[in-house]
Protein chains: 2
Amino acid sequence: MDKPESNNNIMNGVGSNVKKVIENSKTERYSDIMLRALAFILTFISAVVVGVDKETQMVSFTLVKTLPPLHVPVTAKWQYMSAFMYLLVSDVIACAYAGVSWAYCMAKPKLNNRLELVMTLVDLTMMGLLFSATGAAMAIGVLGMNGNSHVQWHKVCNVFGDFCRQFAAGLVLSLLGSFAFLLLVVLAVFNLYKRSR
Amino acid sequence: MDKPESNNNIMNGVGSNVKKVIENSKTERYSDIMLRALAFILTFISAVVVGVDKETQMVSFTLVKTLPPLHVPVTAKWQYMSAFMYLLVSDVIACAYAGVSWAYCMAKPKLNNRLELVMTLVDLTMMGLLFSATGAAMAIGVLGMNGNSHVQWHKVCNVFGDFCRQFAAGLVLSLLGSFAFLLLVVLAVFNLYKRSR
């Protein structure tokens, strides 16, 4: 009478372990899908916010002291600064990849191990690209806000306040997007670590 | 007579597999140590090159048109630009971590699995930090070389040529250092993937 009971116990133990593994793998999958969705949404909104950011202001120039100053319309937009272009292009690339990989992960119930590895490496590349682009845009943003007296680069955010505020919002979104990619890599490393034990 | 022979064959097969695993793990270890050494050397030289970069030039200013121009000594150094400070601080942090982790990996023949995981996560953080800092410094470098007519920020590398060249060298070294950290993460992901199969 004892043997079947102990067998049952063992089987129950195996069953609960299998259940736990399936639950863990489900949690990993949901976290991955959520992070991909987040990365997609953040980089998409950032690209739109930066892409449509434009402000025109009337700026006065004094050509000759005896004549009244000239009022000229001056426009600020992302096309005028290479670091802003870099941010927008990086946002678009990361957004496109995040969108495709998100849709793929949603459609497939279980990913091939090799494909998972390739996706982790692309996530890592996107993370590097976005960190580099946000760093570049932030450096120009700081100059635009404060200027730099040593090289006589004057601040411009006192004139183009709305442009700067909108750009800062886009920059923060892009930075959050790069952290979403960082978390995707961390999640993949944790999962591989758990499976390798 | 057949049985011991087949057992021997099996044992030989197991032996060759074990040998392969040990060889693979040795190659992984050497690659990891080499990449850590590379990251340390690159970020160290970059920090020194950027840290000692300084140039003074006599720049002429015209205060009143009827008087001859004033010649004033103007100095360029990393302390004058926040993006350059960010690069130097990031280089120093990454260099210190790469040095410590390199020495530790050299001293220990086999790392604890959990410590390996923690090191991979710190490598990833260092990679993000360096990519962000090199992006920021590169954005300012491009401005220094070309200027930007839209915001009236004039180029400065025509005056401080030596400073710019030395800084560009430091920046390239730091960028290579960030790629060394990227490769460290790629290597760790590959190793975990191989072990998880």
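What follows is a short chat about the fold and the interface.

Biologist: Before we start, what kind of model is this?
Modeller: Residues count from 1 along each chain as written, chains are lettered from A in the order written, and side-chain values use heavy atoms without hydrogens or water. Local features need pLDDT of at least 70 and side-chain atom pairs 80 or more, while totals for chains, interfaces and linings use all residues, since this is a predicted model.

Biologist: In what order do the elements of chain A run?
Modeller: Helices are DSSP runs of H or I, at least four residues, and strands are runs of E, at least two. Chain A has four helices and two strands. From the N terminus on, the order is α-β-β-α-α-α.

Biologist: Which element gives the most to the side of chain B that touches chain A?
Modeller: Counting contacts as heavy atoms within 4.5 Å, 37 residues of chain B meet 37 of chain A. Helices H2 (82-107), H3 (113-146) and H4 (161-196) of chain B each give two or more residues to that side. The top giver, with 17 residues, is H3(B).
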